[in-house]
Amino acid sequence: MSELTGNRIRTTAAKLGLPHLAETINEFNRRADEGKLGYLDFLDLVLSEELAVRDDRRFCQGLRLSRLPHHKTLDEYDFSFQPDLDPRKVKDLATLSFVEAKANAALLGPPGVGKTHIAIALAVAACRAGYSIYFTSLDDMVRNLKAAEAAGRLTSKLGSYLRPSVLVVDEVGYQPLERAEANLVFQVISKRYEKGSIILTSNKTFSEWGQVFGDEVLATAILDRLLHHCEVVPINGASYRLKNRLQAIERETDVA
């Protein structure tokens with residue numbers, strides 16, 4: 001390939017919005033020569049790599065916009081530490097069939113058992129698959145919605161929680177809500193019903209949600225919409241954080 005031809009391809013690729021091709025045309029040409037690729041095989045190589053680069057760029061952008069506190073995966077989750085948790089149930093969720101069906105997933109259990117880890121891992125998998133995701137704790141969501149309502153911007157702020165394909169709501173039940181606050185949560189749940197997925201974590205059983213939301217009727221209305229299409233995963237094991245802390249104390253004791 002002549003330098004003139006290479007420059008012309010780079011210019012055309014840039015105009016077509018194919019930056020990877022523009023940057024790596026010489027490398028593609030070398031691989032085509034070494035592999036004695038035909039025209040169609042060469043075209044397939046170029047387009048496949050351009051698509052992979054574009055998907056990776058979209059994935060990274062999606063993670064940046066997601067507000068996820070970290071980007072853990074299921075491979076990093078120690079299922080052996082939670083013997084009562086069936087890994088198959090979590091891995092079934094990782095197929096994202098519930099996201100495709102616009103259904104929900106609820107991870108219930110005491111603090112420290114890895115509920116948030118699994119929720120984030122599912123969100124990362126959804127982002128990789130091309131779904132938009134957004135992470136919030138329940139307290140942050142309520143605080144933001146209250147501030148928006150006071151400023152007359154509630155409809156606009158609700159959109160932040162309604163637009164994503166997957167909304168992760170963490171730490172449901174850690175702080176009780178007033179009825180007006182619970183009503184804001186109800187608006188999010190009801191407007192997302194059968195239109196987008198919710199992944200939530202909670203340290204409370206569903207029978208305790210009346211106390212969490214300060215109103216049994218409102219809690220029932222929330223649960224009615226949330227659980228109609230929902231996979232519930234109880235995790236009733238020991239705390240990872242406590243395990244790590246005890247191990248650290250043991251190491252410190254051994255050193256002493």
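**Packing of helices H2 and H3.** In this predicted model, helix H2 (residues 19-35) packs on H3 at an angle of about 140°, and their axes lie 11 Å apart. Axes are lines fitted to C-alpha atoms over the stretch in contact, with angles from 0 to 180 degrees between N-to-C directions. Helices are DSSP runs (H or I, at least four residues), as are strands (E, at least two), numbered from the N terminus. Contacts (heavy atoms within 4.5 Å) join H2 residues including Phe 28 and Arg 31 to H3 residues including Phe 42 and Glu 49. The contact residues comprise eight nonpolar, two polar and four charged.

**The five-stranded sheet.** The sheet is open, with parallel pairing and the order S2-S3-S4-S1-S5. S2 and strand S5 (230-234) are the edge strands, each pairing on one side only. Strands pair if DSSP finds at least two bridges between them. Five bridges link S2 with strand S3 (residues 166-172). Val 169 in S3 is the bridge partner of Thr 136.

**The second largest pocket.** A pocket is an open set of points on a 1 Å grid over the protein atoms alone, where a 1.4 Å probe fits, with protein on both sides within 12 Å along at least five of seven lines; lining residues have an atom within 4 Å of a point. The lining has 14 residues, with Gly 62, Leu 65, Ser 132, Ile 133 and Pro 164 nearest the centre. H3 gives the largest share, four residues.

Residues are numbered from 1 along each chain as its sequence is written. Local features need pLDDT of at least 70, side-chain atom pairs count only at pLDDT 80 or more, and totals for chains, interfaces and linings use all residues; side-chain values use heavy atoms, without hydrogens and water.

Methods:
Nonpolar A, V, L, I, M, F, W, Y, C, P; charged D, E, K, R; others polar.
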